[in-house]
Amino acid sequence: MPATAEIAERISTISVSSTMKVSADADRLRREGADVVDFGAGEPDFPTPSNIKQAAIDAITTNFTKYTNTGGTPELREAICERHRLDFGTNYTPSECMVTVGGKHAIFNLVQALVNPGDEVIIPVPYWVTYKDVVNYAGGRCVFVETDESTGFEVTAARIERHITPRTKLLIINSPSNPSGAVLSQEEFLKIFEVTSKRDVFLMTDECYCQFLYEGTPFSIAAAPRAKETVLVAGSLSKTYSMTGWRIGFALAPAPIIGAMMKLQSHSTSNPTSISQKAGIEAMRGPQDSVPVMLAEYRRRRDFVVDRLRQIPGVTIVTPKGAFYAYPNIGLAFQSGRVKNSLEFSTELLAKKQVAVVPGEAFGTNNHVRISYATSMSELERGLERIDQFIDELDA
Ligand SMILES: Cc1ncc(COP(=O)(O)O)c(C=O)c1O
């Protein structure tokens, strides 16, 4: 019997993460000797701050290398609650907090702990790839809510309310957004929370990019009065502290939900790596000055990328207000007839110009590609020049 026939059905409800696929394709080309410019990876190019690295080295030398509590050490949970309180004015306690193996794991655990087969989960478009797959894996039904490019891809409470039914269990909001860089105003976010709490719908806020905001002050909807009853925070140290490889994320949620997630985690990964947890404590409690340094550099790159993209005939772009992605509309290039959609555009761009971008269809829109500007200025200059040439040659 072919091995594929043996694969469990639930695996067919999910697909390979397209962002990871782009990175793998770019890597393969690079190994074959191609001069690839990689705009695919959503990964800070800064080193992890040295105080955080030192905490991990100390953890090893003092033999902090054994199992810990499944949901993280009490010290780290305390530190996460404290950081969230200092940054956003929330008042979580360690029993409402758990540490996970990256932010993605917090989202996975939350969705698996809450969503029953047939439950509806509202997801604004464009969305981060993983939401759809983790909901499908739980047997839930994704209900996509379109946003308008003309209003900066910002979802509204009114639009969300129209999609709530008696089966709606959860709404997932990611602000700043991967891939569009859209940021919800505090006012609209509050209206969304009012709608979900009134209708007994949980609101998961993915705060992965919460510190990378180009206008205004970072805030958490979890600080709103009575938010703790229905708001679920998925957090991550990956981007804020340039710690993608350390795999530390967290969830803040009502204690019974944390208990359910903990049960699941106890039978899958157990605790996140003990050494990374020590690094996480330093990230939470140590100096925070690396964050504004990174933000200033991202802003410089964002301004360059947006200006350069706008110089390419036919390309339009909504100025990202947060995170480190640009999401240009390249739909006019389809008129050439040489590429028909964002997947063909990205595939041809990689083949002809060795520039890796992620096709918009991975995020639920077809006229866009995602460019990560978490890479050096010189790479941005080279890559955008090649994209300009590519589009020009399509029209020739
Ligand atoms: C929107 C969003 N949420 C969560 C994550 C999870 O990051 P990690 O699992 O590295 O903490 C990512 C990573 O790319 C992301 O873009």
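Tutor: A salt bridge is a side-chain nitrogen of Lys or Arg within 4 Å of a carboxyl oxygen of Asp or Glu. The model is predicted, so local features need pLDDT of at least 70, side-chain atom pairs need 80 or more, and totals for chains, interfaces and linings use all residues. Numbering starts from 1 along each chain as its sequence is written, and side-chain values use heavy atoms, without hydrogens or water.

Across the whole structure, a search finds 30 salt bridges. Look at one of them: Glu297 pairs with Arg300. Their closest N and O atoms are 3.1 Å apart. Both residues sit in helix H10, residues 290–310. They are three residues apart, about one turn of the helix. Helices here are DSSP runs of H or I with at least four residues, strands are E runs of at least two, and both are numbered from the N terminus.

Now turn to a pair of helices. H4 spans residues 103–114, and H8 spans residues 255–266. Their axes, lines fitted to C-alpha atoms over the stretch in contact, come within 9 Å and cross at roughly 110°. Such angles run from 0 to 180 degrees between N-to-C directions. H4 is therefore roughly perpendicular to H8, a label for angles of 65 to 115 degrees.

Which residues meet there? On the H4 side they are His105, Ala106, Asn109, Leu110, Gln112, Ala113 and Leu114. From H8 come Ile257, Ala260, Met261, Leu264 and Gln265. Contact means heavy atoms within 4.5 Å. By class, this contact of H4 with H8 holds eight nonpolar residues, four polar and no charged ones. Nonpolar covers Ala, Val, Leu, Ile, Met, Phe, Trp, Tyr, Cys and Pro; charged covers Asp, Glu, Lys and Arg; the others, Gly among them, are polar.

The loops deserve a look too. Between strand S5 (168–174) and helix H7 (186–198) lies Pro176. A cis bond joins Pro179 to Asn178, with omega about 25°.

Terms used: Parallel < 35°, antiparallel > 145°, perpendicular 65-115°, else oblique.
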